[in-house]
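Let's take a walk through this one, from its charged pairs to its greasy parts. Have the sequence and the model open as you read.

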Amino acid sequence: MDRPTSPSPPPPYRRIVAEIRRRIDRGELAEGDRVPSTRRITQEWGVAMATATKVLTTLRQEGLVRAVPGVGTVVAATGVRTDGGPAPRTRGVPGSGGGRRNPPAAQGRPAAQPPGLNRARIIRAGIRIADAEGLRALSMRRIAAEFGVSSMALYRHVANKDELVLLMADATFAEIELPEPAPRHWRARMEAGARLQWKLYQRHPWVAQYLSLIRPQPMPHAMVVIEWTMAAVTRLDPLAKLRLALTLVNHVRGTAVALEEDLEAEQRTGMDVEQWMESLGPEYERIIRSGSFPMYEGINDMDDAEMLRLDELFEFGMARLLDGYEMFIEGRKSGPAR
């Protein structure tokens with residue numbers, strides 16, 4: 001006699017969808033609230049980015065969430081869900097009966113400042129939010145909510161949001177541990193410095209978008225990393241070294257900007273890179289078949305994800321850049337920059 005088979009567990013994305021649905025039904029996530037981003041889902045549930053993307057896609061298909069440009073994915077307006085389930089309950093929306101969202105202390109007099117609230121803790125909280133949801137999700141009110149205080153309590157430690165983001169960005173560079181002993185050859189040292197920055201941007205994708213080449217911010221910890229990277233170049237004057245340094249920095253930063261853009265695009269569209277390219281495949285085929293793009297036609301049969309892998313683009317670009325540096329550095333003596 002056959003033994004009854006136990007039902008197989010649901011796939012990971014279904015379990016996460018069910019949990020977020022429960023949070024909406026319980027009112028923990030109200031109409032208009034941001035739901036966990038793909039990055040937050042990967043961190044909270046330990047799943048791959050493709051699984052996190054499938055979670056948001058499923059929630060969107062069920063009518064529970066919607067994408068808001070410039071904001072992210074939020075709980076959809078109340079109503080009948082497309083899967084026939086009950087409408088999500090609202091929390092803190094006027095007229096919903098859900099009560100007020102802010103406690104009385106946040107609406108009237110400022111809440112008492114918790115013991116130990118200081119600049120370092122505020123900076124760390126800001127970094128956690130930006131890492132999980134992007135810099136657009138960061139606000140003084142959002143950080144204050146992390147500590148259960150009013151926004152005014154934060155201004156005792158930082159002047160404004162601009163100063164806070166500057167301190168956050170510099171604090172991420174303080175995480176970099178410079179290798180000891182340092183590579184002695186200038187090319188090995190510059191490769192090591194570039195890779196340290198690349199890994200930093202992978203941990204904190206928002207930093208690359210924040211940095212500016214033409215309006216540089218005073219960031220001592222970042223300057224330490226750049227100074228270390230260029231220390232083995234001894235045959236050039238300071239201006240030439242600075243221009244080489246900024247060109248290398250711009251390659252790393254310019255490639256890393258795509259990290260944050262890709263995560264924001266996944267949250268907005270519900271599609272990862274492979275799904276995105278697959279959806280546009282017919283249009284690309286039509287353009288390439290015109291015969292006007294022989295380079296693209298030559299790579300038409302290659303894997304899109306492999307061609308667009310950022311790690312490989314970073315390494316390829318850095319190698320070609322340093323090839324040029326080698327001709328410049330090794331082929332000239334110390335002199336004025338041209």
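Is arginine 21 buried or exposed? Arginine 21 counts as buried, at 17% relative accessibility, where buried means under 20% relative accessible area, exposed over 50% and partly exposed in between (1.4 Å probe, protein chains only). A word on ground rules: this is a predicted model, so local features need pLDDT of at least 70 and side-chain atom pairs count only at pLDDT 80 or more, while totals for chains, interfaces and linings use all residues. Residues are numbered from 1 along each chain as its sequence is written, and side-chain values use heavy atoms, with hydrogens and water left out.

**Charged pairs**

Side chains of opposite charge can pair when their charged atoms come close. Here a salt bridge is a side-chain nitrogen of Lys or Arg within 4 Å of a carboxyl oxygen of Asp or Glu, and the count by that rule is 17.

| Pair | N to O distance |
|---|---|
| Arginine 21 – glutamate 62 | 2.6 Å |
| Arginine 187 – glutamate 191 | 3.5 Å |
| Arginine 187 – aspartate 323 | 2.9 Å |

Take arginine 21 with its salt-bridge partner, glutamate 62. This pair links distant parts of the chain, 41 residues apart: arginine 21 is in helix α1 (residues 12–25), and glutamate 62 is in the loop between α3 (49–61) and β1 (65–68). Helices (H or I, at least four residues) and strands (E, at least two) are DSSP runs, numbered from the N terminus. Glutamate 62 is buried as well, at 9% relative accessibility.

Now for arginine 187, which is buried with a relative accessible area of 15%. Glutamate 191 is partly exposed at 21% relative accessibility.

Arginine 187 also meets aspartate 323 in a salt bridge. Aspartate 323 belongs to helix α16 (residues 310–330) and arginine 187 to α9, so this pair ties together parts that are 136 residues apart in sequence. Aspartate 323 is partly exposed, with a relative accessible area of 30%. Through shared partners, salt bridges join Arg187, Glu191, Arg195, Glu315, Arg320, Asp323 and Glu326 into one network.

**Tryptophan 186**

Helix α9 also holds tryptophan 186, which is buried at 6% relative accessibility. Beyond its neighbours within four places in sequence, its contacts (heavy atoms within 4.5 Å) include Ala232, Val233, Leu322 and Tyr325. Valine 233 is 47 residues from tryptophan 186 in sequence, yet the C-alpha atoms are 5.4 Å apart.

**Greasy parts**

In soluble globular proteins, nonpolar side chains tend to be buried together. A nonpolar core here is a set of buried Ala, Val, Leu, Ile, Met, Phe, Trp, Tyr and Cys residues joined through side-chain atoms within 4.5 Å. The largest one has 58 residues, and Ile143, Phe173 and Tyr201 touch the most other members. Leaving out residues up to four places away in sequence, isoleucine 143 touches Ile122, Ala125, Gly126, Ile129, Leu138, Leu154 and Leu164. There's also a second, separate core of 16 residues, among them Leu29, Ile41, Val65 and Val75.
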